Structures are given as structure tokens and as C-alpha cells.
Amino acid sequence: MQQSHSTDSGTEKWQDSCEFCQLTTISPYMLKETDNFHIIADHAPLLEGHLLIIPKQHYACYGTVPATLDAELLALKQEVRAFFLDFYAAPVYWEHGIFHQTVFHAHLHCFPFGETRYQLSEGLHDLVVHSQDDIRAWYATQGQYFYLEDSRFALLFAPQTDHYRRVIQQVLWSGVVERTGNSNWRSPQQRQEEGVASITSLKEKWLQFQQQKVM
């Protein structure tokens with residue numbers, strides 16, 4: 001399911017039906033709350049450590065999140081990076097940008113994969129991203145995208161299904177297999193059922209990380 005491009009952030013249109021706008025839905029997975037964001041454990045994790053950074057206000061994707069929130073978002077990404085380096089591996093950030101999105105509310109996936117296998121020479125990407133302004137500019141003029149970031153670079157991809165599948169299979173799924181040793185694709189329902197223990201472990205590690213920060 002895909003949503004047509006609009007520069008309207010939809011801050012009111014989707015709130016009543018949006019899962020991420022419902023605190024009762026996300027509270028069991030809550031790790032951190034700031035003025036404008038939540039960090040939550042993914043309810044159907046691909047692997048232990050799978051987190052989401054989501055704005056409290058309803059935005060269709062990060063291409064519509066205003067620049068006034070950029071510093072807060074960057075601080076949260078840096079906090080997730082520090083947490084992952086302490087307990088897992090360096091983060092890979094991923095966003096659908098409404099292309100193949102399943103919850104139509106901006107959310108940034110954070111995976112402890114280390115560096116991805118993607119090389120710039122592969123040429124599947126359309127833009128090297130230097131700031132959130134690049135994402136906003138792309139969305140305002142081009143519409144849909146998907147986004148990939150590791151410690152080397154941040155990239156935007158045009159919404160081409162064949163490129164999307166290659167990145168999913170060769171970059172993201174390979175990260176899951178390398179970290180878990182499990183090469184079998186699991187449905188969201190399977191991941192949710194099997195992810196209970198990993199979410200519990202993640203919460204315990206996050207609490208330990210937060211306690212270390214205040215010591």
C-alpha cells in the first residue's frame with residue numbers, strides 16, 4: 001500500500017487512526033520520551049536492538065518534519081548510536097519515506113548492524129544526504145523516497161521497486177542474517193511472537209545504559 005505524495009504534513013488528518021499517535025499502543029514499547037519524540041522498541045523486531053525514533057506530532061515522513069526539530073532528532077540518533085556501540089554494533093538508520101510504509105507516521109528504524117554492504121559504486125541511490133534539509137527538499141519536489149544511513153554515508157533512493165528490493169535483500173536482510181544467524185524470513189506476526197524476549201532484553205540494556213549516564 002502506498003500513499004500519494006503531498007506536502008501537507010497531515011498533522012490532524014491521520015491522528016485518530018494512526019497507531020503511533022496512540023500512546024496506549026506504543027507505551028508498552030517506550031524507551032525514552034523527549035519534548036517532541038519517542039524512542040520505542042519495534043513491536044516486531046528484526047533482531048534484538050531494533051528501535052524506532054518517532055515524532056510525537058503526526059507527520060507523514062521525515063521529509064515533512066520541520067527543521068526546528070532537527071537538533072533534537074540528531075541528539076537522539078547520537079544517543080542511540082552510543083547505546084548500540086555499548087551493547088550491540090554501530091547503527092544503520094532506515095526510513096521508508098511513505099514508500100512501502102505500513103504505518104503512515106514518520107518513523108526512523110534503527111538497526112544494530114554495523115556498516116552496511118552497500119557501496120556508492122553500485123549507483124542505486126539518487127542523492128547523498130548531508131542534512132535533513134536535503135530530505136525535505138527531495139520530498140517537496142520529488143515525493144516518495146527511501147533512506148539508508150550508516151557510519152559512512154546517508155543516502156536517498158527514488159521509489160523504484162527493483163532498487164528497493166535489492167537494498168532490502170542485500171543490505172538490510174544480510175545484516176539480520178549476519179547478526180542473528182537466522183536466514184529464514186519471518187512474518188510480522190512471527191517476529192512479534194518471537195520478539196518478546198529480545199524486547200525485554202533490549203529494555204534491560206537500555207535501562208542499564210541510562211543508569212550509566214547518570215553515574
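Helix α3 spans residues 132-141, and its buried residues are Gln132, Ile135, Arg136, Trp138 and Tyr139. These residues cover an arc of only 160° around the axis, so they lie on the same side of α3. The model is a predicted one. The partners of this buried set are α2 (70-87), β6, β7 and β8, against which the buried residues of α3 pack. Just after α3, glycine 143 adopts a positive phi of about 90°.

The next topic is the aromatic rings. The structure holds 18 aromatic pairs. One of them joins tyrosine 118 and phenylalanine 153 in an edge-to-face arrangement, with 6.3 Å centre to centre and 90° between the planes. Tyrosine 118 sits in the loop between β5 (108-111) and β6 (127-128), while phenylalanine 153 sits in the loop between β7 (146-149) and β8 (154-157), so the pair ties together parts that are 35 residues apart in sequence.

Both partners can be classed by accessibility, where buried means under 20% relative accessible area. Tyrosine 118 has 0% relative accessibility and therefore counts as buried. Phenylalanine 153, with a relative accessible area of 13%, is buried as well.

Tyrosine 118 and phenylalanine 153 also belong to a cluster linked by ring pairs.

Lysine 77 lies over the face of tyrosine 93, at 4.8 Å from the ring centre.

Key:
Residues numbered from 1 in each chain as written. Predicted model: local features only at pLDDT ≥ 70, side-chain atom pairs only at ≥ 80, totals over all residues. Heavy atoms only, no water. Phe/Tyr/Trp six-rings, centres within 6.5 Å; stacked < 30°, edge-to-face > 60°. Helix = DSSP H or I, 4+ residues; strand = E, 2+ residues; numbered from the N terminus. Buried < 20%, exposed > 50% of the residue type's maximum accessible area, 1.4 Å probe, protein only. Lys NZ or Arg CZ within 6 Å of the ring centre and 35° of its normal. Arc of directions from axis to C-beta. Contact = heavy atoms within 4.5 Å.
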